Amino acid sequence: MNAASIPTRVKHAVQNRVSSRYRLRGEIDAVDSADDPVAISALLATREFPWSITQALSFALFRTYAVPSIGELLFDTQQFTKQTQKRYDDTVLLLDAPIEHGFDSAAGRAGVRRINQMHAMYDISNDDMLYVLSTFVVCPVQWVNSYEWRKLTGHEVTGLTNHYRMLGKHMAIKDIPATYEEFEQFYEEYERRHFTFSTKSLAVADSTLDLLGTFLPYRLLPRWVVRRMSFALMDDRLLTAFHYPKPTAAERAVVRGGLKLRGLAIRFFARPRTEPLYGRQTKQVRGYPRGYRLEELGTFTPGCPVPHHQHADSNPDSVDSTT
């Protein structure tokens with residue numbers, strides 16, 4: 001082989017690998033963001049960016065603890081401090097059911113029904129519900145655009161937004177924004193008005209960070225290192241709300257730069273995922289090795305330590321799943 005041709009062959013190989021990575025984007029572009037937003041959300045969350053969207057949604061829920069009316073309620077249930085792994089598993093599995101099966105499927109209906117049944121036990125304001133929904137819209141877009149191997153297209157952002165608008169409608173949330181930009185504006189304004197310190201919210205946040213330390217590769221690191229890495233990904237508004245220490249510029253550069261390097265490595269060297277990776281298949285979901293039933297996930301009225309509304313329990317479709 002001519003030595004001069006080696007760089008050319010390497011260049012072509014890299015170009016072909018990069019080109020193959022953009023094929024799924026073309027498929028997503030062909031999906032109607034108004035008629036089938038769940039398909040767009042599913043392709044992004046299970047094939048294009050499964051790791052990042054999982055991280056972003058986890059971070060989205062973490063942010064909501066900084067609103068005392070949310071964080072304190074979660075603390076009072078004791079579920080997020082004493083059964084943190086189960087709460088993580090249940091949240092992933094219930095939110096994932098409509099993505100994997102669609103809102104109109106038996107599994108999708110069962111997942112949304114359990115979410116609604118749990119929320120109906122407590123006096124949760126529409127604004128708090130809408131804020132949580134807004135984090136599901138905004139955080140994945142911000143995370144992917146900051147750290148992944150490519151940014152989201154406007155079409156993909158619209159698809160993600162419409163998916164969560166659909167979820168919000170199934171949850172009977174009122175005054176749902178019509179566009180991503182409106183969600184982002186609501187998200188920013190709500191955090192500026194409501195983020196404030198609460199010892200109960202801090203306890204929920206600390207328990208969540210402790211759980212993060214049990215996941216690979218973080219469990220290979222000292223707990224204080226995992227916490228400092230987490231702080232480096234938080235903005236000042238969130239750090240202030242929890243009274244967490246501000247990370248140094250070097251810490252932020254190392255942690256955020258490492259995520260960006262991961263994105264570059266994926267762009268140039270990783271093969272595109274051809275099979276979907278659903279939440280139930282991830283290694284972080286560990287509490288149901290023998291499977292689960294969607295209608296049995298989450299919390300139930302008996303034994304709840306905080307005031308709740310009485311509601312008639314429906315007889316949901318039985319949906320068996322395995323991890």
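In this predicted model, Pro217 lies in the loop that joins α12 (199-212) to α13 (223-233). The peptide bond leading from Leu216 into Pro217 is cis, its omega being near 0°. Although Ala172 is not a glycine, its phi is positive, at about 60°. Asp175 is also found in the loop between α10 and α11, and Asp175 likewise has a positive phi of about 60° without being a glycine. Ala172 is exposed, with a relative accessible area of 54%, and Asp175 is exposed as well, at 68% relative accessibility.

Helix α15 spans residues 249-269 and comprises 21 residues. The distance from its first C-alpha to its last is 29 Å, close to the 30 Å expected at 1.5 Å a residue. The buried residues of α15 are Val255, Leu259, Gly263 and Ile266. Because they cover an arc of only 80° around the axis, these residues are on the same side of α15. Such an arrangement can be related to helix geometry in general: an α-helix has 3.6 residues a turn, so residues three or four places apart point the same way. On the other side of α15, the exposed residues are Ala249, Ala253, Val254, Leu261 and Phe269.

The second largest pocket of the model has a volume of about 730 Å³. It is lined by 31 residues, of which Leu61, Leu74, Phe80, His119 and Ile124 are the closest to its centre. Six helices each supply at least two residues of the lining, namely α4 (50-64), α5 (68-77), α6 (79-82), α7 (84-101), α8 (106-120) and α9 (126-147). By residue class, the lining of this pocket consists of 18 nonpolar, 9 polar and 4 charged residues.

Side chains of opposite charge can pair when their charged atoms come close. The count of salt bridges comes to 18. One of them joins Asp90 to Lys86, with the closest N and O atoms 3.0 Å apart. Asp90 and Lys86 are 4 residues apart in helix α7 and are therefore separated by about one helical turn.

Arg293 takes part in two of the pairings. In one, Arg293 forms a salt bridge with Glu295, the closest N and O atoms being 2.8 Å apart. In the other, the side chain of Arg293 meets that of Glu296 at 3.2 Å, N to O. Arg293 itself is partly exposed, with a relative accessible area of 26%. Of its two partners, Glu295 counts as buried at 12% relative accessibility, while Glu296 counts as partly exposed at 48%. A network of salt bridges links Arg63, Glu188, Glu191, Arg192, Asp235 and Arg237.

Technical notes
Residues numbered from 1 in each chain as written. Predicted model: local features only at pLDDT ≥ 70, side-chain atom pairs only at ≥ 80, totals over all residues. Heavy atoms only, no water. 1 Å grid on protein atoms, 1.4 Å probe; cavity = no way out; pocket = protein on both sides within 12 Å on 5 of 7 lines; lining within 4 Å. Points joined across faces, edges and corners; volume = space filled by probe spheres on them. Nonpolar A, V, L, I, M, F, W, Y, C, P; charged D, E, K, R; others polar. Salt bridge = Lys/Arg side-chain N within 4 Å of Asp/Glu carboxyl O. Buried < 20%, exposed > 50% of the residue type's maximum accessible area, 1.4 Å probe, protein only. Expected span 1.5 Å × (residues − 1). Arc of directions from axis to C-beta.
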